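Dear colleague,

Please find below the structure that I am handing over to you. My findings follow directly after it, and I would be grateful if you could read them with the structure open.

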Amino acid sequence: MSYSLCTSAMLLLTVNLSFGQRVKTATIDSTYQLIWSDEFNVAGKPTEKFWMYEQGFTRNEELQWYQAANTSIKKGILTITGRREKIENLNYQEGSDNWRLNRKFADYSAASIKTKGKFSFQYGILEVRARIDTSSGMWPAIWTLGDTQKWPACGEVDLMEFYRVKGQPTILANAVWANAKNRDVWNSKKIPYTHFSQKDKNWHKKFHTWKMDWTPDFVRLYLDDELLNEIDLSKTINPDGFNPFHQPHYILLNLAIGANGGDPGKSSFPRKYEVDYVRVYQHK
């Protein structure tokens, strides 16, 4: 099946407030059910029933041009491919101050897909199994955005970002909301990639599981059942009193190139970010 609805699931969670430790709790069994998933079992492109594409230059002054052509599904795996290629910017405006308009060409391409307007959820467990590309210049991500209000007031949860922090490869687990000036407020955990690679030199070659455990009180973010960050939702209040994590969120998967990802100039291409499945569980 390419996707499943309302299938019962068995999940093992870890709850621990100190990073780097793993304390197992009881298995959550039939109190949770799988309400939505994409297993990527149908070859071709991501299903339009679930996903829409971002197009062109999008955010953060990144280098890539987003396009549907950089997605493919084969043998149960969604692959988002980063390519070094020259693409004409059809929105180019000579002399514009807008970075999306003043670049005549893009030198790289990739893809970003999202469930906006097709699927969103409020509370539960979001689980994604993926293999990320840790090459210089790569910025893969798994994240959510709130259905209402503009960023950052809409709220953002980053189950996974990988990029360079002060030049060092880093895995991040974050949440974002707004302050009184509608600027972004971050609860961010930055874990050096060496924390994982020193335990397993082949870490980058393997699939790993990212998990968001979301309740009305907390968002807890895990990597392979290791707690990376816990966000107290009593503190994530926008200036107008709205809590962006008490509303439905939709899901995004993307591979950015450049910007926080670093310099892709010395990396060989194509690069690949692979996703095995995306699953959402909720209490019955």
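In what order do the strands of the open sheet of seven strands lie? In this predicted model, the order is E5-E10-E19-E12-E13-E14-E15, and the pairing is antiparallel. Strand E5 (52-53) and strand E15 (184-192) are the edge strands, each pairing on one side only. Within this sheet, strand E13 (residues 156-165) and strand E14 (residues 168-178) run antiparallel and are joined by eight bridges. Valine 157 has alanine 175 of E14 opposite it.

Strands

The chain contains one helix and 20 strands. Strand E9 (residues 105-110) pairs in the parallel sense with strand E6 (residues 64-66), over three bridges. E9 also pairs with strand E8 (residues 77-88), here in the antiparallel sense and over four bridges.

The chain as a whole

Of the 284 residues in the chain, 53% are buried. Among contacts with a separation of 6 or more, 68% are between residues 24 or more positions apart. The accessible surface of the chain is about 13,200 Å², and carbon and sulfur atoms account for 49% of this surface.

In soluble globular proteins, nonpolar side chains tend to be buried together. The largest nonpolar core here has 55 residues, and Leu253, Tyr273 and Val278 have the most contacts inside it. Apart from this core lies another, of six residues, including Ala141, Trp143, Leu145 and Tyr250. Leaving out residues up to four places away in sequence, leucine 253 touches a number of residues, among them Trp51, Leu78, Ile80, Tyr273, Val275 and Val278.

Two individual residues

Methionine 52 is located in edge strand E5. Methionine 52 counts as partly exposed because its relative accessibility is 31%, which lies between the limits of 20% and 50%. Beyond its neighbours within four places in sequence, methionine 52 is in contact with Ser112, Ile113, Lys114, Lys116 and Lys118. Methionine 52 and leucine 252 are 200 residues apart in sequence, yet their C-alpha atoms are 9.6 Å apart in space.

Glutamate 39 sits in the loop between strand E4 (32-38) and E5. Its relative accessibility is 12%, so glutamate 39 counts as buried. The side chains of glutamate 39 and serine 37 are joined by a polar contact of 3.1 Å.

Aromatic pairs

The structure holds 16 aromatic pairs. One of them is the stacked pair of phenylalanine 119 and phenylalanine 121, with 6.1 Å centre to centre and 10° between the planes. Both of these phenylalanines are buried. Tyrosine 193 and tryptophan 203 form an edge-to-face pair, with 5.6 Å centre to centre and 80° between the planes. Tyrosine 193 lies in the loop between E15 and helix H1 (194-197), and tryptophan 203 in the loop between H1 and strand E16 (208-214), so this pair ties together parts that are 10 residues apart in sequence. Tyrosine 193 and tryptophan 203 are buried as well. Ring pairs also link Trp36, Phe40, Phe50, Trp51, Phe119, Phe121, Tyr123 and Trp214 into a cluster.

With kind regards

Notes
Residues are numbered from 1 along each chain as its sequence is written. This is a predicted model: local features need pLDDT of at least 70, side-chain atom pairs count only at pLDDT 80 or more; totals for chains, interfaces and linings use all residues. Side-chain values use heavy atoms; hydrogens and water are left out. A nonpolar core is a set of buried Ala, Val, Leu, Ile, Met, Phe, Trp, Tyr and Cys residues joined through side-chain atoms within 4.5 Å. Buried means under 20% relative accessible area, exposed over 50%, partly exposed in between (1.4 Å probe, protein chains only). Contact means heavy atoms within 4.5 Å. Two strands pair if DSSP finds at least two bridges between them. Helices (H or I, at least four residues) and strands (E, at least two) are DSSP runs, numbered from the N terminus. Accessible areas come from the Shrake-Rupley method with a 1.4 Å probe; for residues, only the protein chains shown count as cover. A polar contact is a pair of N or O atoms within 3.5 Å; within protein, one must be able to donate a hydrogen and the other to accept it, and residues adjacent in sequence count only if both atoms are side-chain atoms. Rings of Phe, Tyr and Trp (its six-membered ring) pair if their centres lie within 6.5 Å; planes under 30 degrees apart count as stacked, over 60 as edge-to-face and the rest as tilted.
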